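Reader: I want to learn how to read a protein model feature by feature. Where do we start?

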Amino acid sequence: MVSKEWLTRHGVAVRRVDRGGAITFHGPGQLVGYPILQLKERREIVPYLRNLEAMVIQTLGSFGLEGDREQAPSGQRPATGVWVNNEKIAAIGVRLDGNNVTSHGFAINVDTDLHYFDKIVSCGLSNRTATSLNVCLDRPVGMQQVQSKVVQAFAEVFNYELNDGDQT
């Protein structure tokens, strides 16, 4: 827990939102996507979350990284998100309204200042660390390149057809 003074000094704004998951961080160096889709039924929310994870895993694979989902002990629900070498690289939190319309979404750490994660219990998961695409690859990756890969992976995972101009 940090003081309000620390938050102010570091230019950090805190916002309460109505979405799945616990506390998270959004800041420079992250690719944040909030797809807005209408699901047919409320029970489609878990498959939707798994598809968002699959989209991130496919994106990471296009950079030669192996991302994975958390493997929970038998009988327990795994934490939502994507990990590389047991470090969280992408957070996912979604809200579903009364009409089954999604809001919020995912955040992929591309070139994120990971020190912010030292100040929170990210996604309610204690003793877990965060990483970024640039750290995992040990080289910088352009945000536009990641965005393009995310758009391609989203279209494939969710079975959407891309039109000219959809790659940006």
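Author: With a definition. A salt bridge is a side-chain nitrogen of Lys or Arg within 4 Å of a carboxyl oxygen of Asp or Glu. Side chains of opposite charge can pair when their charged atoms come close. Keep in mind that this is a predicted model.

Reader: How many salt bridges does the structure hold?

Author: It holds 3 salt bridges. Take Glu53 and Arg69 as one of them: their closest N and O atoms are 2.8 Å apart. Glu53 lies in helix H2, while Arg69 sits in the loop between H2 and E2, so the pair ties together parts that are 16 residues apart in sequence.

Reader: Which residues are linked with Glu53 in a network of salt bridges?

Author: Arg50 and Arg69 are linked with Glu53 in that network. Arg50 meets Glu53 side chain to side chain at 2.7 Å, N to O. Both belong to helix H2, 3 residues apart, which means about one helical turn separates them.

Reader: Is Glu53 buried or exposed?

Author: Use the cut-off: buried means under 20% relative accessible area. Glu53 has 1% relative accessibility, so Glu53 counts as buried. Arg50 is partly exposed, at 23%. Arg69 is partly exposed too, with a relative accessible area of 31%.

Reader: Step back to the whole chain. What pattern does the chain follow along the sequence?

Author: The pattern is α-β-α-β-β-β-α-α. That makes 4 helices and 4 strands. The chain has 168 residues, and 39% of them count as buried. The accessible surface is about 10200 Å², with 48% of it belonging to carbon and sulfur atoms.

Reader: How do I read contacts against sequence separation?

Author: Consider contacts with a separation of 6 or more. Residues 24 or more positions apart account for 65% of those in the chain.

Reader: Back to H2. What should the helix span?

Author: Count 1.5 Å a residue. Helix H2, residues 45–61, has 17 residues and should span 24 Å; its end C-alpha atoms are 24 Å apart, so the two values agree.

Reader: Which residues of H2 are buried?

Author: The buried residues are Tyr48, Leu49, Leu52, Glu53, Met55, Val56, Thr59 and Leu60. They cover an arc of only 150° around the axis, so they lie on the same side of H2.

Reader: What covers the buried residues of H2?

Author: The cover includes three strands: E2 (82–84), E3 (87–96) and E4 (102–109). It also includes helices H3 (133–137) and H4 (143–157).

Reader: Which residues are buried in H4, and what covers them?

Author: Val146, Ser148, Val150, Val151, Ala153, Phe154 and Ala155 are buried. Their cover includes strand E1 (30–33), H2, E4 and H3. After H4 comes Asn159, with a positive phi near 60°.

Reader: E4 keeps coming up. How many of its residues are buried?

Author: In E4, 7 of its 8 residues are buried, so to speak mostly covered.

Reader: In what sense do E1 and E4 pair, and over how many bridges?

Author: They pair in the antiparallel sense, over 4 bridges. E3 and E4 also run antiparallel, joined by 7 bridges. To place the strands, look at Ile108 in E4. Ile108 is the bridge partner of Leu31, and it is also the bridge partner of Ala90.

Reader: What do E3 and E4 form, and which residue in the turn has a positive phi?

Author: E3 and E4 form a hairpin with 5 residues between them. In the turn, Asn100 has a positive phi of about 65°.

Definitions and conventions. Residues numbered from 1 in each chain as written. Predicted model: local features only at pLDDT ≥ 70, side-chain atom pairs only at ≥ 80, totals over all residues. Heavy atoms only, no water. Helix = DSSP H or I, 4+ residues; strand = E, 2+ residues; numbered from the N terminus. Buried < 20%, exposed > 50% of the residue type's maximum accessible area, 1.4 Å probe, protein only. Contact = heavy atoms within 4.5 Å. Areas by Shrake-Rupley, 256 points an atom, 1.4 Å probe, with all protein chains shown as cover. Expected span 1.5 Å × (residues − 1). Arc of directions from axis to C-beta. Pairing = 2+ DSSP bridges.
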